[in-house]
Amino acid sequence: MSNTYGYVGKIARINLTTGEITTIPTEKYAADYIGGREICNRIFWENAKPGTGAFDPENMLIYMTGPTTATGIPTGGRSVFTGISPASYPEQYVWSGIGGWLGAELKFAGFDGFIIEGRAEKPTYIYIEDGDIQLLPADGLWGLLVHPTQKKLEEIHGRKVKSMVIGPAGENLMRNASITTSNDSVAAKGGFGAVFGSKNLKAVSVLGTGAVYPVDIKKLFELRLKMANPAMRPSPVKLEPTHGMDGNEIPVEGGWLRGQVACSHGCNQHCNRLMMNMKSAFSDERINQVEKCVGIFAYGYKEDCSWSPIQNFETSKNHFLPCKMLSMESPEPDFSDPYAPELFKQVRGDIVDFWKPDFDKGSVMMDMCNEYGIDKWDVIVWFMTWLSMCKKEGLLEDMDFGMEVDVENEEFVKYFLDMITYRRGKYGPIFAEGMARAVRTLGKEKYGDSIYHGRYSQMIGQRLDLPVSLEAAWGHSFHWQGRGFEGSIYKAGWLAHTLELMTSTRDIMTVAHFHDDYSNYLEYKDDPYHSKKLVESVIFNILKAETKDTVTCCEWQSPDIYWKDMEAEMLNAAAGTDLTGDDLEHQAMRSFLMFRAILIRNFGRTRKMEVEAVFPAITIPDTFGEVATWEEFNDLVDIYYDALGWDRETGWPTREVYEKYGLSDIADELEALGKLPN
């Protein structure tokens with residue numbers, strides 16, 4: 001390998017306990033496993049022992065780029081972390097994607113990825129510069145907020161340095177702590193900020209002067225003009241008079257300034273909202289923030305997300321990627337499409353009345369999540385919704401937080417987030433463990449399953465019961481599952497998302513939004529429980545998610561269900577390969593099977609565990625009042641396992657399946673452990 005055509009040739013292995021730093025040739029893995037999450041899965045399989053906990057020194061955090069990273073391929077700057085997650089319930093192997101410029105900078109410095117293990121004796125940070133890696137004292141960084149940490153590292157190493165850092169939440173092992181790099185891009189879903197903290201690791205800083213070149217410059221420019229067109233456009237700063245969407249619009253006195261920024265190197269799209277001149281949680285100065293879609297609900301949460309069916313089901317004339325309308329101008333609908341009236345019929349969100357509009361309070365909430373390093377999704381969609389519902393249902397009367405619970409009070413929001421970040425008082429340590437564990441510590445029957453009586457469906461015109469804890473599965477909250485947050489999804493859509501979640505370990509919907517052709521939907525909408533076509537589409541979306549984290553690229557441009565070779569064309573332009581979409585699908589299934597084997601060997605995953613984890617959530621009425629039955633859902637699971645070639649009873653892949661994808665060694669080890677089906 002050389003410093004061209006996708007990879008630079010080395011993966012660093014860093015032991016914080018011993019200080020030993022070694023390197024692994026990238027081609028040891030890249031020759032068979034392409035990159036990103038697929039390589040991470042193979043490294044974890046070969047090295048991780050069952051029984052290791054998230055905060056044990058033996059927990060390996062594996063960070064990998066992909067062959068498109070740093071090449072200028074659109075959205076190719078993204079990268080991925082994997083490891084045992086403290087945020088999932090129970091602790092399991094999880095991945096977390098991250099944008100920013102660090103992945104590209106790492107390649108410029110001569111490395112394609114790194115593995116972090118062990119625990120430093122004192123606060124430490126890793127500094128990587130042009131092939132050299134140092135472990136440096138972080139005494140002057142420990143305790144700092146996220147942005148001051150990044151600024152301090154720039155003072156030490158120069159303004160060109162790129163860093164990923166944790167804030168106080170990670171230092172104090174808050175299980176929902178994130179890792180933050182440029183443009184407030186975060187690895188949030190795994191709680192890996194807390195793993196950094198458990199290892200006494202404050203940051204990884206990188207400075208490189210090398211270069212990475214794609215093989216096919218002409219193809220690169222073609223992709224930059226074609227991918228996501230016509231969304232690729234200049235992003236001038238605009239004055240917005242309101243903030244929010246649907247029933248959550250907030251008039252903003254004097255307006256607010258919005259720009260659009262790319263999250264990673266090489267991106268031709270500007271998806272993230274740059275919010276300018278916002279209120280700070282920590283000083284009288286005005287600040288700029290980079291926010292994602294869920295941030296909208298920090299500012300006001302009267303009505304749940306509403307969608308048109310096209311968010312899941314598309315046609316060749318009308319197909320948008322999810323959420324695109326939130327941060328950029330949407331393409332004009334093509335009403336020559338005979339399905340257009342149905343595609344653009346809006347499904348209104350439920351009235352939930354969690355908190356009234358308050359622009360400054362929302363800005364403060366977002367600022368605290370950014371600076372403390374906490375997953376915003378869990379704060380907005382779970383912590384704050386739980387507090388709101390419990391307060392209105394009188395469930396908190398026996399609990400003394402030290403301040404009156406009021407999610408509409410800016411001072412309480414600051415107090416609560418400070419309490420869980422620093423584990424203060426009686427309840428700080430409880431909620432620092434994350435909502436799934438906190439609810440069980442407090443008592444799930446009362447604090448998880450009690451009914452909130454304030455949910456009202458605008459689609460059927462009646463109240464719908466909702467539990468006060470919006471828990472889906474694996475220690476994560478609802479997302480695109482037809483109830484709770486983003487509830488206005490048709491049954492076939494929320495069943496598809498539930499299958500995706502079932503064989504995952506985290507909220508998979510941030511990378512695997514469900515997409516399908518509308519003509520397919522018409523075939524299974526009346527009986528999705530017994531549809532092989534629905535299952536085939538679920539598997540397609542899961543494999544596209546694996547592909548995106550392998551190549552690597554982004555959910556906002558992939559998948560395009562009418563351009564199935566898009567990711568292959570990206571890889572070919574970057575690395576000079578000659579792969580097709582079918583080839584990448586084969587690789588993605590190999591990655592998915594390695595992930596499955598890890599869950600079976602290290603965490604005892606079975607069908608029983610999976611179905612029992614996801615089923616309770618879909619017994620809650622969706623916005624149309626519909627629920628799943630145990631018998632019908634298990635019929636769908638049978639079809640799903642059959643399509644994958646997995647054993648129905650155990651949920652385990654057979655030897656034949658492993659061997660089909662070149663994983664006979666994994667089959668041998670699982671057979672020796674008694675974890676292959678008979």
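**View A. Salt bridge between Glu91 and Arg175.** Glu91 and Arg175 form a salt bridge, with 3.0 Å between the closest N and O atoms (salt bridge: a side-chain nitrogen of Lys or Arg within 4 Å of a carboxyl oxygen of Asp or Glu). This pair links distant parts of the chain, 84 residues apart: Glu91 is in the loop between strand E4 (79-85) and strand E5 (92-98), and Arg175 is in the loop between helix H5 (168-171) and strand E10 (179-180). Helices (H or I, at least four residues) and strands (E, at least two) are DSSP runs, numbered from the N terminus. Glu91 is partly exposed at 23% relative accessible area, whereas Arg175 is buried at 10% (buried: under 20% relative accessible area; exposed: over 50%; partly exposed: in between; 1.4 Å probe, protein chains only). The model is predicted: local features need pLDDT of at least 70 and side-chain atom pairs count only at pLDDT 80 or more, while totals for chains, interfaces and linings use all residues. Residues are numbered from 1 along each chain as its sequence is written, and side-chain values use heavy atoms, with hydrogens and water left out.

**View B. Salt bridge between Glu433 and Arg423.** The N to O distance in this salt bridge is 2.9 Å. Glu433 lies in the loop between helix H13 (428-431) and helix H14 (435-442), and Arg423 in the loop between helix H12 (410-421) and H13, so the pair ties together parts 10 residues apart in sequence. Glu433 is partly exposed, at 22%, and Arg423 is partly exposed, at 26%. Glu91, Arg175, Arg423 and Glu433 are linked in a network of salt bridges.

View C. Glu222 is partly exposed at 38% relative accessible area; Lys219 is buried at 17%.

**View D. Surroundings of Asp375.** Asp375 sits in the loop between helix H10 (359-372) and helix H11 (376-392) and is buried, with 5% relative accessibility. A polar atom of the Asp375 side chain lies 3.0 Å from the backbone nitrogen of Trp377. Neighbours within four places in sequence left aside, Asp375 is in contact with Asn176, Ser178, Ala188 and Lys189 (contact: heavy atoms within 4.5 Å).

**View E. Surroundings of Tyr640.** Not counting residues up to four places away in sequence, Tyr640 touches Leu499, Met502, Thr503, Val535, Val538, Ile539, Ile542 and Phe592.

Note on methods. Polar contact = N/O pair within 3.5 Å; in protein donor to acceptor, adjacent residues only side chain to side chain.
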